[in-house]
Amino acid sequence: MNNQVSVFIASLTRRLTGLYQVPAVTTGHDMEHVRQMIRLGPRIAKAEPMFMFDQEEFVVAVLLHNIDRVNG
């Protein structure tokens with residue numbers, strides 16, 4: 001993983017972790033959900049070759065996909 005991208009992902013994760021906790025999210029889309037999705041990325045890519053995607057881009061997309069579910 002590119003070091004600059006790793007730093008960006010780590011920073012984004014730190015900034016969003018607090019937002020993705022109850023009571024800010026109540027729909028099951030908390031940080032554990034995000035972590036599970038990130039862990040699934042390599043399995044998805046391996047299971048379905050037509051879904052070729054950049055893993056770093058996938059991680060950023062997963063981190064941001066819940067932002068609209070945050071209360072406040």
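**Ground rules**

I am working with a predicted model, where local features need pLDDT of at least 70 and side-chain atom pairs count only at pLDDT 80 or more, while totals for chains, interfaces and linings use all residues. Residues are numbered from 1 along each chain as its sequence is written, and side-chain values use heavy atoms, with hydrogens and water left out.

**The whole chain**

I counted 3 helices and 0 strands, in the order α-α-α from the N terminus on. Helices (H or I, at least four residues) and strands (E, at least two) are DSSP runs, numbered from the N terminus. The C-alpha trace spans about 40 × 25 × 15 Å along its principal axes. Of the 72 residues, 26% are buried. I then looked at contacts, meaning heavy atoms within 4.5 Å. Among those with a separation of 6 or more, 66% join residues 24 or more positions apart.

**Helix α1**

I checked the length of α1 next. Its 15 residues should span 21 Å at 1.5 Å a residue, and the end C-alpha atoms are 21 Å apart, so the two agree. The expected span is 1.5 Å times one less than the number of residues. The buried residues of α1 are Ile9, Leu12 and Leu16. They sit on the same side of α1 because they cover an arc of only 65° around the axis; the arc is that of the directions from the helix axis to the C-beta atoms. What do they pack against? The buried residues of α1 pack against α3.

At the N-terminal end of α1 I found a cap: a side-chain oxygen of Asn2 lies 2.7 Å from the backbone nitrogen of Gln4.

In soluble globular proteins, nonpolar side chains tend to be buried together.

I followed Tyr20 further. Leaving aside neighbours within four places in sequence, its contacts include Val25, Met31, Val34, Leu63, Ile67 and Val70.

**A buried asparagine**

Asn66 is also in contact with Tyr20, and Asn66 lies in the segment after α3. Is Asn66 buried or exposed? Asn66 counts as buried, because its relative accessibility is 0%. A polar atom of its side chain lies 3.2 Å from the backbone oxygen of His29. Beyond four places in sequence, Asn66 touches residues including His29, Asp30, His33 and Val34.

**Salt bridges**

How many salt bridges does the whole structure hold? I found 2, each being a side-chain nitrogen of Lys or Arg within 4 Å of a carboxyl oxygen of Asp or Glu. Glu32 pairs with Arg35, the closest N and O atoms being 3.7 Å apart. Both lie in helix α2, 3 residues apart, about one turn of the helix. Glu32 also pairs with Arg39, here with the closest N and O atoms 3.2 Å apart. Glu32 is partly exposed at 35% relative accessible area, and Arg35 is partly exposed at 36%.

Terms used
Buried < 20%, exposed > 50% of the residue type's maximum accessible area, 1.4 Å probe, protein only. Polar contact = N/O pair within 3.5 Å; in protein donor to acceptor, adjacent residues only side chain to side chain.
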